[in-house]
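Me: I have a model open and want to learn how to read its features. Please take me through them in turn.

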Amino acid sequence: MHLHDFWFLLIAVLWTGYFFLEGFDFGIGVLTKALARDRAERRVLINTIGPVWDANEVWLITAAGATFAAFPDWYATLFSGFYLPLLAVLVCLIVRGVAFEYRHKRPEERWQRNWEHAIFWCSALPAFLWGVAFANIVRGVPIGPDKNYTGGLLDLLSPYALFGGLLTLVLFTFHGALFAALKTVGDIRVRARRFAGVSGLAAGALAVAFLGWTQAESGNGRSLPALVVAVAALTAALVMNRRGREGWAFGLSGLTVVAVFAMIFLALFPDVMPSSTDARWSLTVTNAASSPYTLKIMTWVAGFMTPVVLAYQAWTYWVFRKRIGTQHIPAAH
């Protein structure tokens, strides 16, 4: 395997890991309005991700940094062409982080309600926009011979891209509902399982339609097994949720997220950003990659640091593994 192929694989793993972890964070944010009935339940949901949400976002920083270092032309074209949607994602992530920290600083109802609105919208919008972005990446966007994006904002809002955004929004909400069921006790746990059953059916219908569309237009022999795994895992997650096997259900919903984005990257390879203008102008793992020496140094660094980061994050989840409920929330909050 060439180093540029290895780094494409590693970047795919980083982005997929980010969506596996941040996916249920987004879902919990949506559920603060869609599931929680009062302020105490909203606090319970927020506390389920309180110790881990910021560590989950490290995967985004690492994925973007690795893309910049390993494939600078891909990074430049992606982040300049998708500037407005990605700026909206960045602003939402900043505001959501502030909302988590500031919501409980004052007891006034209006103060807390405004920050709760921010948590909801700044979770739902990125969940939608990430799907729009990756749908555009796999299908292709206007790129000129100089490797620059030549389209406008409306070129990113095709029916296919919007459909991809709707899928990620519903899928992440389903993923978050199963995480809530896994991490809570009492009535909110029961309602989270019920909500997961409904949202999972919607996610399944959207996944079959969107992934089938992707396979028909951009897929290949590598991406088809990932499609099958995604649909099978989502179906199994619904079955496990119905049986009350919350750990299995959450693991299988995570596998669904992994399989969806694995299919996107498998359908994309060896391109990293296809050109819808002319296939000869597409960015590939060879013409968009850094020098072999740069990739070699990066490989040594990644080989040393990756196990450390994974071990630390696994330890964090183990320490904060217990369930919580409204009885653990102080009355003032």
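Me: What radius of gyration would a compact globule with 333 residues have, and what does the protein chain have?
Reply: The radius is taken over C-alpha atoms, and the globule rule is 2.2 Å times the number of residues to the power 0.38. For 333 residues that rule puts a compact globule near 20 Å; the protein chain has 20 Å, which agrees. Along the principal axes, its C-alpha atoms fill a box of roughly 60 × 40 × 35 Å. This is a predicted model: local features need pLDDT of at least 70, side-chain atom pairs count only at pLDDT 80 or more, and totals for chains, interfaces and linings use all residues. Residues are numbered from 1 along each chain as its sequence is written, and side-chain values use heavy atoms, with hydrogens and water left out.

Me: How many helices and strands does the protein chain have?
Reply: Helices (H or I, at least four residues) and strands (E, at least two) are DSSP runs, numbered from the N terminus. The protein chain has eleven helices and two strands. Their order from the N terminus is α-α-α-α-α-α-α-α-α-α-β-β-α.

Me: How do I read a helix pair, and at what angle do H3 and H11 pack?
Reply: Two packed helices are described by the angle between their axes and the distance between the axes. Axes are lines fitted to C-alpha atoms, for helices over the stretch in contact, and angles run from 0 to 180 degrees between N-to-C directions. Helix H3 (residues 53-70) packs on helix H11 (residues 292-319) at about 175°, with the axes 12 Å apart. The two are therefore roughly antiparallel (angles under 35 degrees count as roughly parallel, over 145 as roughly antiparallel, 65 to 115 as roughly perpendicular and the rest as oblique).

Me: Which residues of H3 and H11 meet?
Reply: Contact means heavy atoms within 4.5 Å. Ala 55, Asn 56, Trp 59, Ala 66, Ala 69 and Ala 70 in H3 meet Thr 294, Leu 295, Met 298, Leu 310, Gln 313 and Tyr 317 in H11. By class, this contact has nine nonpolar, three polar and no charged residues. Ala, Val, Leu, Ile, Met, Phe, Trp, Tyr, Cys and Pro count as nonpolar, Asp, Glu, Lys and Arg as charged, and the others, Gly among them, as polar.

Me: How far apart are the axes of H8 and H9?
Reply: The axes of helix H8 (residues 187-218) and helix H9 (residues 223-242) lie 10 Å apart, at an angle of about 170°. That makes H8 roughly antiparallel to H9. Their contact divides into eleven nonpolar, seven polar and two charged residues.

Me: Which residues line the largest cavity?
Reply: Among them are Trp 15, Trp 74, Phe 79 and Trp 130. H6 gives the largest share, four residues. The lining has ten nonpolar, no polar and no charged residues.

Me: Where does Pro 270 lie?
Reply: Pro 270 lies in the loop between H10 and strand S1 (271-273). The peptide bond from Phe 269 to Pro 270 is cis, with omega near 10°.

Definitions and conventions:
1 Å grid on protein atoms, 1.4 Å probe; cavity = no way out; pocket = protein on both sides within 12 Å on 5 of 7 lines; lining within 4 Å.
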